[in-house]
Amino acid sequence: PPFYTILLLLFHFPANLSVNMTNDATQSSSQDRSPIYPPLPPGHIRLCRLLPGGDDDDIAVELASCALEDGEDKYFALSYMWGDPSIRHEISCAIGKLEVSPGNTIYVATVVSITKNLFIALKALRPMFGNQLFWIDQITINQSDPVEKKSQIPMMGKIYASAQMALLWLSKEIWLNQQICPHVEQAHRIIAEEIAAARGLDPSQ
């Protein structure tokens, strides 16, 4: 069964996406599909905006879709370990919005269930990257649709190569451990070089 539950929740989120995208909530979908995951046209991906919030606020995201070539250099790709799939946390995902006044947008959201390790990663990353666009496979791919997974998984190499930055999440302990930071930075440089090579660029630039 899909890991989502429909709830009608109202949130005040940032109003506009900076990338030329089509909001998934406005696309038509069949009755047997999640309102979060309408079908993707060929060559398209979903991105999620990690919305800002305080330490005690729920994690909230906004999904949108775009052609992969149109999203190039406009999102971060997050790499992480899923961890135990049975230990899960809920986040809020916007599926519709209504601008009640300039700069004041009400969102209708649904609750999405993600693994604990990803939840911890989003909590740690939000202070620095709140309002940033991400590609995160567990959220941006419909994990309960085998047809979509079959079409999206072969694109993952190009998705990472097209990202503005690839972030490697190991654990909160490593994230906060200053002695390990140089090793994390080294791993980041290696990933950056791999992405540059995939794009046919000079890694030194």
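Mentor: A salt bridge is a side-chain nitrogen of Lys or Arg within 4 Å of a carboxyl oxygen of Asp or Glu. Keep that in mind. This is a predicted model, where local features need pLDDT of at least 70, side-chain atom pairs count only at pLDDT 80 or more, and totals for chains, interfaces and linings use all residues. Residues are numbered from 1 along each chain as its sequence is written, and side-chain values use heavy atoms, leaving out hydrogens and water.

Trainee: What makes Glu148 and Arg46 a salt bridge?

Mentor: Their closest N and O atoms are 2.6 Å apart. The cut-off is 4 Å, so the pair qualifies. A search of the whole structure finds one such bridge.

Trainee: Which elements does the pair of Glu148 and Arg46 link?

Mentor: Glu148 sits in helix α3 (residues 146-152), and Arg46 in strand β3 (residues 44-50). They are 102 residues apart, so the pair links distant parts of the chain. Helices (H or I, at least four residues) and strands (E, at least two) are DSSP runs, numbered from the N terminus.

Trainee: Why does Arg46 count as buried?

Mentor: Buried means under 20% relative accessible area; exposed means over 50%, and partly exposed lies in between (1.4 Å probe, protein chains only). Arg46 has 0%, so Arg46 is buried. Glu148, at 5%, also counts as buried.

Trainee: What else does the side chain of Arg46 reach?

Mentor: The backbone oxygen of Pro38, at 2.6 Å. The backbone oxygen of Thr140, at 3.2 Å. A polar contact is a pair of N or O atoms within 3.5 Å; within protein, one must be able to donate a hydrogen and the other to accept it, and residues adjacent in sequence count only if both atoms are side-chain atoms.

Trainee: How do you know that β6 and β7 pair?

Mentor: Two strands pair if DSSP finds at least two bridges between them. Here 12 bridges join β6 to strand β7 (residues 104-115), so the antiparallel strands pair.

Trainee: What makes a set of residues a nonpolar core?

Mentor: Its members are buried Ala, Val, Leu, Ile, Met, Phe, Trp, Tyr and Cys residues joined through side-chain atoms within 4.5 Å. The largest one here has 27 residues. Leu78, Phe134, Ile136 and Ile139 have the most contacts inside it. Helix α1 (116-129) is among the contributing elements. The largest share, seven residues, comes from α1.
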